[in-house]
Amino acid sequence: MNKWHRFFQYSKGNFYRKSLVLILLSASIPGLVIGGSVYWIVSDKIESALIESHQKQILEQSRNMDEQLNYLELTLSHWAFEPRFGESLQTLDFVYHFAETRDIYKTLLVMQGSHPLIKGVELFIDRPSPVRFNPEYNPPNEQSQVTYFKQLLSRGGTAYWTNSSQVANPSASNDALLVHKIMDMNQNPFGILVATLNREKVENMLKVLNPYDKGATFLMNRQNEIFAAVQSGASSPNEFEAAIKEAVMQAGADERAFSFKWNGDDYSVSVGKLPRIDTEWTYVSATPVSAITSPIIFVSQLILLFSISGFALALALSWFASNRIYSPVKRLMNVLAGGKAGGLNRNLDEFQLIEKQWGHLSQESSLLQSKLQEQLPHIREGFLLQLFHQYLNRYSEQELKNRMKQYGWETDGRQFIVTNVQLTGFSQSDGRFTHDDRGLATFAAANIIQELAASRFKEFSVINFHDSSIGLLVFASDAALARMELLAMSKELTQTINQILYVRVTITIGKPTDVVRNIPAIFEEASQVSWARIMKDANQIIDMEQPDAALEPGAFQYPFALERDIVQAMRMGQQNDVERLLVQFLNEVADGGNKEAIVKQSLLLLVGSMQHMIMLSGIRLKTPLEGANVFDSLLQTREREQIIQLICTKVANPFIEAMAERSNSQVQKIIEQAIRYMETNYTKDISLDSCADQLGTNPFTLSKSFKQVTGINFIDYVTDLRLNKAKELLRETDMKMNDIAEAVGYQQTYFNRIFKKQEGITPGRYRDKSRDATV
C-alpha cells in the first residue's frame, strides 16, 4: 500500500490526470459511432471546405499568372522605348552598319531570354524596303510576310494582344502575340516589336490551375475564342470545352465558381478575368469534385475501420497506456527541473513547459543552422584565403585538419594538389577587357574553372584572388590520377579561356602533399614560377614535378640601394645628386660583364620605380611623362650619356621642378633636417612629436609639410627607412634576426610582422631569395 501511495504522490501534474481521463473516455465511446459520424456527417462539411480551398488556390494561382503576364507586358514596353529602337532605324543601312545590326540582334536575344513565356521576339521596320529581325537580320522575302506585319502595325493601340489566327500569319500557327509599336518623334508608328508566347509554357502555366489528372483548363479572349487549353482525361475534349464555355457564357459573371454536370460527373468550375493591354482574357478551370474530395473519403473509411478494430483493445489498454505514456514525460520533466526529485509541481501542466522549452530550442537551432548554411561558402573561402596567405601558421596540422572537417572537407587519406592559374595577355583581348575589367575577367575565369573541375573532381575548391589569378585546391585520394586529370583539365581550360575571354593563361600545377601546413609554401612557389613565366605572351602549363632550367636564377644582382638613393634624391629635389647616382647606377649594372638585355631591364625597373614614386607623391606634372615613350627610347638608346640625359629630362627633372614649385625653401630645409635626424636616429624610438621638438616646430606642421614635400607621411617614411636598412643587413651580413631587428629600432616579433606586411614575405625568406639570386 505504501508503494502505491508513494507512486500517486510523486510529482505527477495535470497532464497525467488529464491524459488518464481522456484515454478512459475515448475507450468508452463506441468506435462505430465515431466512425459513422465522420463518414456521414463530417465528410460533407470537409468536402465543402476542400472545394472552397480548391477555388481559393485557383484564384491565387490566377493572380500569379496575371503577375507574370503583367511583367511580360512591362518588359516589352521597357524594351520598346530603348534608344537603339529610335526613328533612325527608318533610314539605317543595316548591311553597312554592321555594329548597329549586331546590337539589335543581341538586344532581341536578351529580350527573348528575359521572360520564360517568350518563344521568340521579332522586329519589323515599315519603310520602302521593309526590314525584319527574328532575331537575326532577315528581310522579308515574301509579300505575305510584309502583309502580315503591316496588319499587326495597323491594328490596335500602342500595345495590344492578338492571336496568329486573327491575322494573315504565314506560319499558320495559333500562338498568342504581344505587339508593341515603335513610335517616331511625332508619335507615328514606323515599326513593331512582336513577342510570340511559347504555347507549351502557356499550357504548363494553365496546368497549375488544375493540378488533377481530370478536367480541363483554358483561356478565352474577348471574342470568347479559346486560344490556349489543357485537357486531362476527357473522352471528347472539344465537346467538353464547348459545354463548359456555354455554361460560363450563360453564367455571365466576371469572377465566380459554380457546379457543372457532364456525363454523370460533377465538376467544380472556377471563372475569372485577366485584364490585359487593349483586351481582356477569361480563364476557366473545371475540376471533378471526386478528385478534390477523394482524400477525405478514403480517410473516413479508414477511420471507421480502425475505430471498429481498436474499440476492443482501447478499454483494456487505457490504464496501461496512460502510465506508459507518462513515463518519458516524467523523465523529461526531471531533466527540465534540473534533476531534482521534487522539482516538479503537481499543479503544473507538463506539456506547456515542454512546448515552451522545445520551441525555444528549436528556434535557436533553426536560426543557427540557417546562418551556418548561408555563411558556410564564405567561411570556407575565408579559411582558404587565410591558409594560402600564411595567416594560419600558428595552427598545428591536426587543428587545421579538424577545421577543414568542420567546414565539410574530407581530409583523411587525402592528398592536396595546389594549382595556380594566372591570366595574361589582356592587351591581346581585342579590347574586350580594360585594366579596370580584369576583376571581371578573373571572376569569369573562376566560374569556368568551377565548371570544368566539377566534371573531373569529387572534392575541390576554387579561390578567386581578384588580381588576375585564381587558385585551385584539389582533394585527391590518388595523387597520380588527379595530376593526370589536372593536366587534361588545364588543356581544356586553356582552350576555353582563349575562346571565351580572348586572354592567355599560365597554369602552374604544384607538387602533391598530404600535409595541410605545406599548402601555403607550395602555392607561393607555384605563384613565383608563374610570375617567372608570365613575361611570355603565350599559354603555358607548368608541372612543378618536372624541373625547368629556364626558371633558374642568374648571377646578376640588382642594385636596390642605388635605386633607393635615386628615388630619395628626387624626393629631396637634389637634381645634381640624381644625375650623379644615375651615372653610378648605370656603371654598376653595365660594368659587371652583364649583357645589354639585363642592363636595359635594370633601367626599365629603375624608371618604373621613379614613376611609381611620382604617382604616390600626388604631384600632377604639367606635361605627362609619356611612360611608354620613355621605355621605347631606353630600349633604342645605346650611349650612356644619352641614357642619363633621357632619364633626367623625361622623368627626374620635370618632377623636381614641379616639387620645387610646390615647396618653399624654409619647408624644404626643415624636411631635410627631419630626414637627416631620422637617418641618424632610426635605431631609436622615433616619433612625430620627438622629431618636431628636435626641429623646433609643432607636430601638425611637420606632418603636413613632410607629406607635401616627400609625397608620403612621416610614419611610412620611418618604416621604409628602417626596412631598407634591414634588407641591406639581410643581404650583406650574417647577423641574426634579433640583432637586425634591434639594429633598425624594432622588437623581433613586431619586425617580423611589419616586414611581411610591407614586403609580402618573411625576413628569413627574403634573405634566402637574395642569396639564391647571387649564387
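Trainee: Are arginine 132 and glutamate 122 buried or exposed?

Mentor: In this predicted model, arginine 132 is buried, and glutamate 122 is buried as well. The label applies because the relative accessible area is under 20%.

Trainee: What do arginine 132 and glutamate 122 form, and how far apart are the closest N and O atoms?

Mentor: Arginine 132 and glutamate 122 form a salt bridge, and their closest N and O atoms are 2.7 Å apart. The pair links distant parts of the chain, 10 residues apart. Arginine 132 belongs to strand S2 (residues 131-133), and glutamate 122 to strand S1 (residues 118-125).

Trainee: How many salt bridges does the count come to?

Mentor: The count comes to 15 salt bridges. A pair is included when a side-chain nitrogen of Lys or Arg lies within 4 Å of a carboxyl oxygen of Asp or Glu.

Trainee: Which side chain does aspartate 543 meet in a salt bridge?

Mentor: Aspartate 543 meets arginine 483, with an N to O distance of 2.1 Å. Aspartate 543 counts as buried at 13% relative accessibility, and arginine 483 counts as buried at 7%.

Trainee: Where do glutamate 759 and lysine 727 lie?

Mentor: First the contact itself: glutamate 759 forms a salt bridge with lysine 727, the closest N and O atoms being 3.3 Å apart. Glutamate 759 lies in helix H24 (residues 748-759) and lysine 727 in helix H22 (residues 714-732), so parts 32 residues apart in sequence are tied together. Glutamate 759 is partly exposed, with a relative accessible area of 32%, whereas lysine 727 is buried, with 14%.

Trainee: Which residues are linked in a network of salt bridges?

Mentor: Asp66, Glu73 and Arg276 are linked in such a network.

Trainee: Now the helices. At what angle do H14 and H15 pack?

Mentor: Helix H14 (residues 560-571) and helix H15 (residues 575-590) pack at about 165°, and their axes are 9 Å apart. An angle over 145 degrees counts as roughly antiparallel. H14 and H15 are therefore roughly antiparallel to each other. The crossing of H14 past H15 is left-handed.

Trainee: Which residues in H14 and H15 meet?

Mentor: On the H14 side they are Leu562, Glu563, Asp565, Ile566, Ala569 and Met570; on the H15 side, Asp577, Val578, Leu581, Leu582, Gln584, Phe585 and Glu588. The residues of this contact divide into eight nonpolar, one polar and four charged.

How values were computed
Residues are numbered from 1 along each chain as its sequence is written. This is a predicted model: local features need pLDDT of at least 70, side-chain atom pairs count only at pLDDT 80 or more; totals for chains, interfaces and linings use all residues. Side-chain values use heavy atoms; hydrogens and water are left out. Axes are lines fitted to C-alpha atoms, for helices over the stretch in contact, and angles run from 0 to 180 degrees between N-to-C directions. Helices (H or I, at least four residues) and strands (E, at least two) are DSSP runs, numbered from the N terminus. Angles under 35 degrees count as roughly parallel, over 145 as roughly antiparallel, 65 to 115 as roughly perpendicular and the rest as oblique. A crossing is left-handed if the near helix is turned anticlockwise from the far one by less than a right angle, and right-handed if clockwise. Contact means heavy atoms within 4.5 Å. Ala, Val, Leu, Ile, Met, Phe, Trp, Tyr, Cys and Pro count as nonpolar, Asp, Glu, Lys and Arg as charged, and the others, Gly among them, as polar. Buried means under 20% relative accessible area, exposed over 50%, partly exposed in between (1.4 Å probe, protein chains only).
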